[in-house]
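Please read the points below alongside the sequence and the coordinates. They are meant for a colleague who is meeting this structure for the first time.

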Amino acid sequence: GFWYLLLTGDVPTMEQTLEVVEDWNQRSAVPEYVIDVLRALPRDSHPMAMFSAAIVAMQRESVFASNYAAGKFNKMTCWEDMYEDANTLMARLGPIGAYIYRMKYKGDTHIAPDPELDMGGQFAHMIGQSDEYKDVARMYFILHSDHESGNVSAHTTHLVASALSDAYYAYSAGINGLAGPLHGLANEEVLRWTQNFMQKLGGEVPTEEGLKEALWATLNSGQVIPGYGHAVLRKTDPRYTSQREFCMNTSGLKEYPLFQLVKMIFEVAPGVLTEKNPWPNVDAQSGVIQWY
């Protein structure tokens, strides 16, 4: 349904939404040769390198590239071929990501898809997560789906596609940019920093005054507070706010010590960072939610 909204600007009816679901279900089977590529990679390869390799391996199926090679390129209608490729990619990305996760971290045992589930629920199901996580996946996919064109991954896909490279080449390139610590890897970086910060604080949520002193010590040592000071933000990232509300309304998660620390950093850090850039972005707590 959100895919329909992003592409048309219209909120779809249930019937229109289910047409997309049915289309993606028919496209979602991951080709065996993609599995062969993944299994040929060293098991200590980074998941994002595996993801990128799987995507670019499917380039041979590009409708856009095939029609261009056959002399059927028309700049007024070529979007239709790009749309076909993009739909196939969207249908397969979740299953590919789930396969990589289970191969690397869950003993190489895999879970068959459930055709009755939506995209977020399907991903949670295929990685073997709890029912509660299905709403986390839904939230993540929606909050990250409408990326403005100025960030690394969205800009890269536009740039590569401007050379008339097909969606597989363009999306794989975007994933490579997303893998960097100043972009998609930031949520892992923030999570690691928050865990280490909690450890330095004795493993307990500090007082506000104690946290303020610790934050100043971090800044005075030349380090940054990860998740804060994003170049384009002039107020709190609304995706951060949505995630915060999700945490506050989820029993167990709202009492989780790491979230309690993230919550307090949100309340204290802007005052400490007033002379710099005090606004948190989505990565300032997204890793903590995943870890929980």
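**Notes on helices, domains and charged pairs**

1. Leucine 5 lies in helix H1, where helices (H or I, at least four residues) are DSSP runs numbered from the N terminus. With a relative accessible area of 26%, leucine 5 is partly exposed; buried here means under 20% relative accessible area, exposed means over 50%, and partly exposed is what falls in between, with a 1.4 Å probe and protein chains only. Leaving aside neighbours within four places in sequence, leucine 5 is in contact with Asp10, Val11 and Pro12, contact being heavy atoms within 4.5 Å. Leucine 5 and threonine 17 stand 12 residues apart in sequence, and their C-alpha atoms are 9.5 Å apart in space.

2. A word on the basis of these values: this is a predicted model, in which local features need pLDDT of at least 70 and side-chain atom pairs count only at pLDDT 80 or more, while totals for chains, interfaces and linings use all residues. Residues are numbered from 1 along each chain as its sequence is written, and side-chain values use heavy atoms, with hydrogens and water left out.

3. Helix H2 (residues 14–27) has 14 residues and reaches 20 Å from its first C-alpha to its last, close to the 20 Å expected at 1.5 Å a residue; that expected span is 1.5 Å times one less than the number of residues. Which residues of H2 are buried? They are Thr17, Val20, Trp24 and Arg27. They cover an arc of only 90° around the axis, which puts them on the same side of H2, the arc being that of the directions from the helix axis to the C-beta atoms. An α-helix has 3.6 residues a turn, so residues three or four places apart point the same way.

4. The buried residues of H2 pack against helix H1 (2–8), helix H6 (78–105) and helix H7 (119–127), whereas the face of H2 turned away from its buried side carries the exposed residues Met14, Glu15, Glu19 and Gln26. In helix H7 one finds glutamine 122, which is buried, with a relative accessible area of 11%. Not counting residues up to four places away in sequence, glutamine 122 touches Pro113, Asp114, Pro115 and Leu117.

5. A search of the whole structure finds 13 salt bridges, a salt bridge being a side-chain nitrogen of Lys or Arg within 4 Å of a carboxyl oxygen of Asp or Glu. One of them joins arginine 27 to aspartate 23, with the closest N and O atoms 2.8 Å apart. Being four residues apart in helix H2, arginine 27 and aspartate 23 are separated by about one helical turn. Arginine 27 is buried at a relative accessible area of 16%, while aspartate 23 is partly exposed at 24%. Asp23, Arg27 and Glu84 are linked in a network of salt bridges.

6. Another salt bridge is formed by aspartate 237 and arginine 239, whose closest N and O atoms are 2.9 Å apart; aspartate 237 is buried at 3% relative accessible area, and arginine 239 is partly exposed at 22%. Glutamate 267 forms a salt bridge with arginine 244, the closest N and O atoms being 3.8 Å apart. This pair links distant parts of the chain, with glutamate 267 in helix H14 (residues 257–272) and arginine 244 in helix H13 (residues 238–248), 23 residues apart.

7. The chain is divided into domain 1 (1–179) and domain 2 (186–291), with bounds that come from an automatic or database domain assignment. Their C-alpha centres lie 30 Å apart, and the contact takes nine residues from domain 1 and 11 residues from domain 2. About 930 Å² is buried between the two domains, and carbon and sulfur atoms give 59% of this area; buried area is the accessible area (1.4 Å probe) that two parts lose on being put together, summed over both. Met139, Tyr140 and Leu143 supply 53% of the area that domain 1 buries against domain 2, more than any other three residues. Across this interface the rule finds zero salt bridges.

8. Finally, seven of the nine residues of helix H15 (residues 283–291) are buried, so H15 is largely enclosed by the rest of the structure. Among these buried residues are Ala284, Val288 and Ile289, and what covers the buried residues of H15 includes helix H8 (131–143), helix H11 (186–200), H13 and H14.

Definitions and conventions: Helix = DSSP H or I, 4+ residues; strand = E, 2+ residues; numbered from the N terminus.
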